[in-house]
Amino acid sequence: MSLGDHLEELRQRLIYSILVVAVFMTGTLYYGSEIHTFLIEPYKSVLGPDAHFFQIQLMAPFLIYLKTSLILSVLVSLPFLLFILWGFIAPAVDPRTEKWGKFIILFSTLLFWSGLALCWFTVFENFLRIFLVVLRPDGVDPYLPIDEYYDLFFNLHLVFGASFQLPVVLILLGRIGILSSRFLISRWREAVLIIAVVSAVLSPGPDVFSMLMLLVPLSFLFFLSAIIMKVLETTDRK
């Protein structure tokens with residue numbers, strides 16, 4: 001296949017990816033009001049059912065609808081997008097690598113969504129409560145601009161989703177020979193210390209709870225990565 005044919009196939013796959021996202025965006029835009037009601041539940045849970053937002057910029061609500069629709073559509077369609085792009089790479093690799101590539105795509109997607117779920121169910125509302133209630137001085141209006149709320153919402157959730165890619169990174173480094181399970185296990189104390197520092201920096205609040213909500217699962221994922229790498233290394237020697 002010539003370079004032109006490769007570029008044409010890549011263009012077609014990019015078009016398919018855009019169409020997939022567009023289909024999901026149609027649904028998320030149609031149910032935009034319901035999605036907004038769902039996403040602001042932590043805010044109302046902290047400040048009460050009558051809590052409201054401020055609109056500072058004229059087009060802020062409209063742009064938020066578009067941004068929310070796009071981000072949610074990409075997140076929901078993530079495995080489809082990765083498989084479409086993997087289909088472009090797969091012909092250039094051996095069958096075993098192709099099989100592992102599909103596994104990594106599914107594994108990575110599940111980990112990313114798990115990070116989002118952890119942030120939603122245990123961290124985000126606690127973060128809002130700390131800064132809007134616990135640390136708020138008297139005489140200060142706690143209500144947020146609508147665009148600031150959504151920026152906080154997506155930034156924190158994406159941090160947790162990205163952090164949960166740790167096993168994918170470690171396993172890939174192991175597959176190309178940079179790391180080994182023996183090295184990870186022998187350096188587990190240093191690794192946990194590094195994870196603790198990273199968790200303290202990335203955690204949304206100044207409290208220990210927020211840090212532990214990132215430290216504990218990342219430490220678990222580190223040891224899980226070492227076990228998976230050990231299994232793969234044993235399989236390779238057979």
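Helices (H or I, at least four residues) and strands (E, at least two) are taken as DSSP runs and numbered from the N terminus. By this rule the chain holds 11 helices and zero strands. From the N terminus on, its elements run α-α-α-α-α-α-α-α-α-α-α.

The model is predicted: local features need pLDDT of at least 70, side-chain atom pairs count only at pLDDT 80 or more, and totals for chains, interfaces and linings use all residues. Residues are numbered from 1 along each chain as its sequence is written, and side-chain values use heavy atoms, with hydrogens and water left out. The predictor's confidence in each residue, pLDDT, runs from 0 to 100. The chain has a mean pLDDT of 85. A value of 70 or more is reached by 92% of its residues. Confidence is highest in helix 3 (residues 41-47), at a mean of 93. It is lowest in helix 5 (residues 78-89), at 82. Where pLDDT is low, the predicted coordinates should not be read in detail.

Along the principal axes, the C-alpha atoms of the chain fill a box of roughly 70 × 50 × 25 Å. Burial was assigned from relative accessible area: buried is under 20%, exposed is over 50%, and partly exposed lies in between (1.4 Å probe, protein chains only). Of the 238 residues in the chain, 40% are buried.

Helix 2 (residues 32-39) has Gly32, Ile35 and Leu39 buried. These residues lie on the same side of helix 2, because they cover an arc of only 65° around the axis. The arc is that of the directions from the helix axis to the C-beta atoms. Isoleucine 40 counts as buried because its relative accessibility is 7%. Its C-alpha atom is separated by 10.0 Å from that of phenylalanine 53, 13 residues apart along the chain.

Aromatic contacts were examined next. Rings of Phe, Tyr and Trp (its six-membered ring) pair if their centres lie within 6.5 Å; planes under 30 degrees apart are stacked, over 60 edge-to-face, and the rest tilted. This rule gives 18 aromatic pairs. One of them joins tyrosine 149 and tyrosine 150 edge-to-face, at 5.6 Å centre to centre and 90° between the planes. Both tyrosine 149 and tyrosine 150 are buried. Tryptophan 188 and phenylalanine 223 form a tilted pair, at 6.1 Å centre to centre and 50° between the planes. This pair links distant parts of the chain, 35 residues apart: tryptophan 188 is in helix 10 (residues 188-202) and phenylalanine 223 in helix 11 (residues 208-237). Tryptophan 188 is partly exposed, at 33% relative accessibility. Phenylalanine 223 is also partly exposed, at 36%.

A salt bridge is a side-chain nitrogen of Lys or Arg within 4 Å of a carboxyl oxygen of Asp or Glu. The whole structure has three salt bridges. Lysine 67 pairs with aspartate 151, with the closest N and O atoms 2.8 Å apart. Lysine 67 lies in helix 4 and aspartate 151 in helix 7 (residues 146-163), so the bridge ties together parts 84 residues apart in sequence. Lysine 67 is partly exposed at 36% relative accessibility, and aspartate 151 is partly exposed at 33%.

Glutamate 125 forms a salt bridge with arginine 129, the closest N and O atoms being 3.2 Å apart. The two are separated by about one helical turn, because they stand four residues apart in helix 6 (residues 95-134). Glutamate 125 is partly exposed at 27% relative accessibility, and arginine 129 at 32%. In another salt bridge, the side chains of glutamate 190 and arginine 187 meet at 3.5 Å, N to O. Their relative accessible areas are 38% for glutamate 190 and 43% for arginine 187.

The surface also carries a nonpolar patch of about 700 Å², made by Leu29, Leu58, Met59, Phe62, Leu63, Tyr65 and Leu66. Patches consist of residues with over 30% relative accessible area and no salt bridge; like charges are joined within 9 Å, nonpolar side chains (Val, Leu, Ile, Met, Phe, Trp, Tyr) within 5 Å. Accessible areas come from the Shrake-Rupley method with a 1.4 Å probe, and for residues only the protein chains shown count as cover. Helix 4 (residues 60-76) gives the most to this patch, with four residues. Tyrosine 65 is located in helix 4 and is partly exposed, at 37% relative accessibility.
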